[in-house]
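Please work through each task before reading its solution.

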Amino acid sequence: MNSPRRHSRELALKALYQAEINNSDQNESLNQINIEMLFAPAIENVVKEFLKATKANEILSGKVEEFIPDFVDSISSNPHQEVSDLRFRVKQLLEQYFPGVTINESFQSELKVLIDSLCEKIKKQSVVEEFAKEIISNISQNNKFIEETIEKTANNWSLNRMAAIDRCILKIAVSEFFYFPLIPLKATINEAIELAKKYSTDRSYEFVNGILDKISKENKFVKTPKSINSSKKTENQQ
């Protein structure tokens with residue numbers, strides 16, 4: 001199972017790659033990917049578990065198969081709404097497909113469980129979303145420096161000659177090198193290698209490792225006292 005930060009890196013990588021291929025905005029790409037690959041699957045799991053456990057006759061005899069995709073699309077498109085707004089939207093969707101269920105007194109405990117489960121799952125996924133957003137924002141703000149650092153280190157390899165996926169992996173790692181002082185260098189390199197193994201060609205991880213190793217040796221990265229004291233703990237969370 002992927003750690004939260006590895007999941008964040010994968011989302012950021014897909015957003016960067018999609019933005020490059022489609023010549024689109026990185027933040028817009030990430031928002032769409034977060035909806036489709038982070039929140040929608042999590043919300044679908046919650047609602048399916050709810051439907052398995054429900055005892056409400058209105059639901060058991062209703063249009064469950066039509067309800068699920070509509071529910072998932074509606075909630076995942078705006079996962080950060082206030083709890084009161086989330087509750088209203090959930091009740092609205094339930095009433096749309098299962099008329100009368102939300103006014104059934106015996107259903108109120110089930111409704112509370114559903115809302116609580118959604119809030120818990122969204123909160124958990126938001127941690128993954130936040131780090132992915134930090135990565136994309138940092139790359140966007142420092143793109144020129146990051147690209148120059150990669151290009152001057154990759155002898156005989158201009159950025160344009162690199163595979164797009166490798167270029168995106170390197171950008172994430174170099175961003176972490178220079179702008180995320182709480183993440184140990186070793187963890188960043190290891191994660192970049194794993195991304196290359198998973199998403200790029202067979203030998204790409206060697207290319208990525210070589211460039212990052214050289215950058216790490218040529219630069220004196222300053223770690224804060226907090227990061228030094230917690231480096232082992234942080235590395236285990238990568």
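Buried means under 20% relative accessible area, exposed over 50%, and partly exposed in between. The model shown is predicted.

**Exercise 1.** Describe the salt bridge of Arg-6 with Glu-191 and state where its partners lie.

*Solution.* 
Step 1. The closest N and O atoms of Arg-6 and Glu-191 are 2.7 Å apart. A salt bridge requires such atoms to be within 4 Å, so the pair qualifies.
Step 2. Arg-6 belongs to helix H1 (residues 4–22), and Glu-191 belongs to helix H9 (residues 185–199). The pair links distant parts of the chain, 185 residues apart.
Step 3. The structure holds twelve salt bridges in total.

**Exercise 2.** Which parts of the chain does the salt bridge between Arg-9 and Glu-176 tie together?

*Solution.* 
Step 1. Arg-9 and Glu-176 form a salt bridge whose closest N and O atoms are 2.7 Å apart.
Step 2. Arg-9 lies in helix H1 and Glu-176 in helix H8 (residues 164–179), so the pair ties together parts that are 167 residues apart in sequence.
Step 3. Both Arg-9 and Glu-176 are buried.

**Exercise 3.** Locate the partners of the salt bridge between Lys-198 and Glu-10, and identify the network that contains Arg-6.

*Solution.* 
Step 1. In the salt bridge of Lys-198 with Glu-10, the closest N and O atoms are 2.9 Å apart.
Step 2. Lys-198 is in helix H9 and Glu-10 in helix H1, 188 residues apart.
Step 3. Glu-10 has 7% relative accessibility and therefore counts as buried.
Step 4. Salt bridges with shared partners join Arg-6, Arg-9, Glu-176 and Glu-191 into one network.

**Exercise 4.** How is the lining of the second largest pocket made up, and which helix supplies its largest share?

*Solution.* 
Step 1. The second largest pocket contains about 150 Å³ of space.
Step 2. Its lining residues include Asn-45, Phe-50, Glu-110 and Leu-114.
Step 3. Helix H2 (26–53) and helix H6 (108–141) each contribute at least two lining residues. The largest share, five residues, comes from H2.
Step 4. By type, the lining residues of this pocket divide into five nonpolar, three polar and two charged.

Key: Residues numbered from 1 in each chain as written. Predicted model: local features only at pLDDT ≥ 70, side-chain atom pairs only at ≥ 80, totals over all residues. Heavy atoms only, no water. Salt bridge = Lys/Arg side-chain N within 4 Å of Asp/Glu carboxyl O. Helix = DSSP H or I, 4+ residues; strand = E, 2+ residues; numbered from the N terminus. Buried < 20%, exposed > 50% of the residue type's maximum accessible area, 1.4 Å probe, protein only. 1 Å grid on protein atoms, 1.4 Å probe; cavity = no way out; pocket = protein on both sides within 12 Å on 5 of 7 lines; lining within 4 Å. Points joined across faces, edges and corners; volume = space filled by probe spheres on them. Nonpolar A, V, L, I, M, F, W, Y, C, P; charged D, E, K, R; others polar.
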